[in-house]
Amino acid sequence: MVAFEIKWDLKDDVYDYNIDECDIPTRVEIPKYITDDCVTEQELCDAVADYLSDTYGFCVIEFGLR
């Protein structure tokens, strides 16, 4: 699974961010073990968001999955 078009919350809940200021990706391959136990779409989104924020240190505003 891939998270793509990731929009990071880089300015304390302000939506105007500059991805060039930080070394963080806009596309990330999500390890299978992160999503293995997810039953609902909400659980899946929560697990991916938690993984992204834990890995990169920033919360996400939104992302797509495929």
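Mentor: Buried means a relative accessible area under 20%, exposed means over 50%, and partly exposed lies in between (1.4 Å probe, protein chains only). This is a predicted model, in which local features need pLDDT of at least 70, side-chain atom pairs count only at pLDDT 80 or more, and totals for chains, interfaces and linings use all residues. Residues are numbered from 1 along each chain as its sequence is written, and side-chain values use heavy atoms, with hydrogens and water left out.

Trainee: Is C38 buried, partly exposed or exposed?

Mentor: The relative accessible area of C38 is 22%.

Trainee: How far from C38 is the nearest cysteine sulfur?

Mentor: A disulfide is a pair of cysteine sulfur atoms within 2.5 Å, and a search of the whole structure finds zero of them. C38 is accordingly in no disulfide. The nearest cysteine sulfur belongs to C45, at a distance of 9.0 Å.

Trainee: In what order do the three strands form the open sheet?

Mentor: Helices (H or I, at least four residues) and strands (E, at least two) are DSSP runs, numbered from the N terminus. Two strands pair if DSSP finds at least two bridges between them. Two bridges join β1 to β2, and five join β1 to β3. The pairing is antiparallel, and the order is β2-β1-β3.

Trainee: Which residue stands opposite W8 in β3?

Mentor: In β3 (59-65), the bridge partner of A3 is L65. On the β2 side, V2 stands opposite E29. For W8, the residue opposite in β3 is V60.

Trainee: How many residues of β1 are buried?

Mentor: In soluble globular proteins, nonpolar side chains tend to be buried together. β1 has eight residues and is mostly covered. The number buried is six.

Trainee: Which elements do the buried residues of α2 pack against?

Mentor: L44, A47, V48, A49, Y51, L52 and S53 are buried in α2. Contact means heavy atoms within 4.5 Å; leaving aside neighbours within four places in sequence, I30 is in contact with M1, A3, T35, V48, Y51 and L52. The buried residues of α2 pack against β1, β2 (28-29), α1 (32-35) and β3.

Trainee: What distance separates the end C-alpha atoms of α2?

Mentor: The expected span of a helix is 1.5 Å times one less than its number of residues. α2 has 16 residues, so its span should be 22 Å. The end C-alpha atoms agree with this, being apart by 22 Å.

Trainee: Is D46 buried, partly exposed or exposed?

Mentor: D46 sits in helix α2 (residues 41-56). Its relative accessible area is 38%, so D46 is partly exposed.
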